Amino acid sequence: MPAVRTRRIIDDAGAEAVLAAAEAKAAEQGSRVVMAVVDPWGEVIALRRTAGAQAASSRVAVDKGRTAAIFVRPSREMEQQVTDGRIGALALHGAACLTGGIPLRVDGEVVGAIGTSGETPDEDEAVSLAGAAAAFTTVEVPALSYAAARAAAQAVAAAATARGVAPVAAVVDAGGELIYLWRPDAAQVASVGVATDKARTAALFRRPSKDFEEQASNGRPSALHLAGAVPLQGGLPIVMDGHVVGAVGVSGASSADEDQELAVIGQQVGERAGVEEHGHAALHVPATELAAKFRSGGLLLDAGVYKVDAGRRTAPGEVEYHRDVVDVMHVVEGRAKVATGGSVLGGRDVGPGEIRGNYISGGTTHELAEGDVLVVPNGVAHQFVEVTDPFLYFVTKVEV
């Protein structure tokens, strides 16, 4: 699965073309309406009012457009469900079950929507249909995929586990909508919402959520009034080719500063995965950079379906079990004993298909030295039971 994909979104010129066609239809009908064009997340791109349109129609037009965009269908279908007795549809988050919203599509992809309000449902919809039938332009931009979002969240998970903390990591798309969430067993419940809010803030405002915390704490409390902004550090945008493609938010570590530190790790991995996949670039790590990385240990590359890690150990570790990942280890410096196979005792889930435990019962012990290679298939538990200080090794993780 590619780490980064692209998507099309209606641009400013395209929105104006849609509104011009819609306005012509409104004039033909003698309709006094408000017409709004929104992006795929339901946010306003452009709005136009004809003479005499009622003021309330501005918000209703946006609501209809948003409904058509995020539910990828005409808003008439939502109203029909309610009319037919499915009253629960009124509770759908973000839905306005009112006729008049039409998705804007290019090759089957919803690139935005138009909503019209002010006259009868049929007249409103006719105006929106005329707008949607117009020729309009779009812009193609990078978009964060599930694979890249997962890579970012799992990088936070790995770092948090190594530190002995249990925060929640949330990764959202450019519109602030959740793609992937990592929630370990020990995480506090409240962190689910807070991590998502931090990520959404970073995505929608295209800046670290820490900026708003600093504004609120340093003489600008009115920053708390910014719609959708959560003034808490720990949310960082994921940027590719100058575009914010998503964001990562972390909540529930040992401190606000550690939330921020872990979010930086997720951001870096998400961006690296995107650049490598999108650009098909080879990774060259100079010796000096590699030596610096080995001093602390850490990821060299995360391309979604495979990762390369500059591993560093100074003490034995927990049992690890990866249901879907093969580990290929190449020793650079030091010696170690690694147990593989057997049964995991004291196991706990730390992520999808990922288990950590206290120790292995049974299995085979391998003595590793400089230059050795150990391949651990997916579904085989393994544990470093003895290591020299330091023990340096490359780990290539391949998802199967």
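Guide: Two strands pair if DSSP finds at least two bridges between them. Strands (E, at least two residues) and helices (H or I, at least four) are DSSP runs, numbered from the N terminus. The model is predicted: local features need pLDDT of at least 70, side-chain atom pairs count only at pLDDT 80 or more, and totals for chains, interfaces and linings use all residues. Residues are numbered from 1 along each chain as its sequence is written, and side-chain values use heavy atoms, with hydrogens and water left out.

The sheet to look at is an open one of 5 strands, with antiparallel pairing and the order β11-β12-β23-β14-β21. At its edges stand β11 (298–302) and β21 (373–376); each has a single partner strand, so one side of each is left without a neighbour in the sheet. On average, neighbouring strands of this sheet are turned by 15 degrees against each other, direction ignored. For such angles, axes are lines fitted to C-alpha atoms, for helices over the stretch in contact, and values run from 0 to 180 degrees between N-to-C directions.

Strand β12 (residues 306–313) runs antiparallel to β11, and 4 bridges join the two. Within this pair, Gly298 stands opposite Ala310 in β12. A helix also belongs to the picture here: α9 (residues 287–296) packs on the sheet and touches β11, β12, β14 (325–333) and β23 (391–399). The direction of α9 makes about 65 degrees with that of β12. Contact means heavy atoms within 4.5 Å.

Ala291 is found in helix α9 and is partly exposed, with a relative accessible area of 39%. On this scale, buried means under 20% relative accessible area, exposed over 50%, and partly exposed in between (1.4 Å probe, protein chains only). Between the C-alpha atoms of Ala291 and Asn358, which are 67 residues apart along the chain, the separation is 31 Å.

β14 and β21 run antiparallel and are joined by 4 bridges. His330 has Val373 as its bridge partner in β21. Val373 belongs, with Val375, to the uncovered face of β21, whereas Leu374 and Val376 make up the covered face.

Asp389 and Pro390 are joined by a cis peptide bond, with omega of about 5 degrees. Pro390 lies in the loop between β22 (382–387) and β23.

Strand β2 (residues 34–38) pairs with strand β5 (residues 109–117) in the antiparallel sense over 5 bridges, and Val38 stands opposite Ala113 in β5.

Two loops deserve a look for their backbone angles. Asp107 lies in the loop between β4 and β5, and its phi is near 50 degrees, a positive value in a residue other than glycine. Asp107 is exposed, with a relative accessible area of 71%. Asp241, in the loop between β9 (235–240) and β10 (243–251), has a positive phi of about 50 degrees although it is not a glycine. Asp241 is exposed as well, with a relative accessible area of 57%.

Last comes helix α1. Residues 12–29 form this helix of 18 residues, which reaches 26 Å from its first C-alpha to its last, close to the 26 Å expected at 1.5 Å a residue. The expected span is 1.5 Å times one less than the number of residues. Its buried residues are Gly14, Ala15, Val18, Leu19, Ala22 and Ala26. Seen down the axis of α1, these fall within an arc of 130 degrees, so they line one face of the helix. The arc is that of the directions from the helix axis to the C-beta atoms. On the other side of α1, Ala13, Ala27 and Glu28 are exposed. Just after α1, Gly30 takes a positive phi of about 75 degrees.
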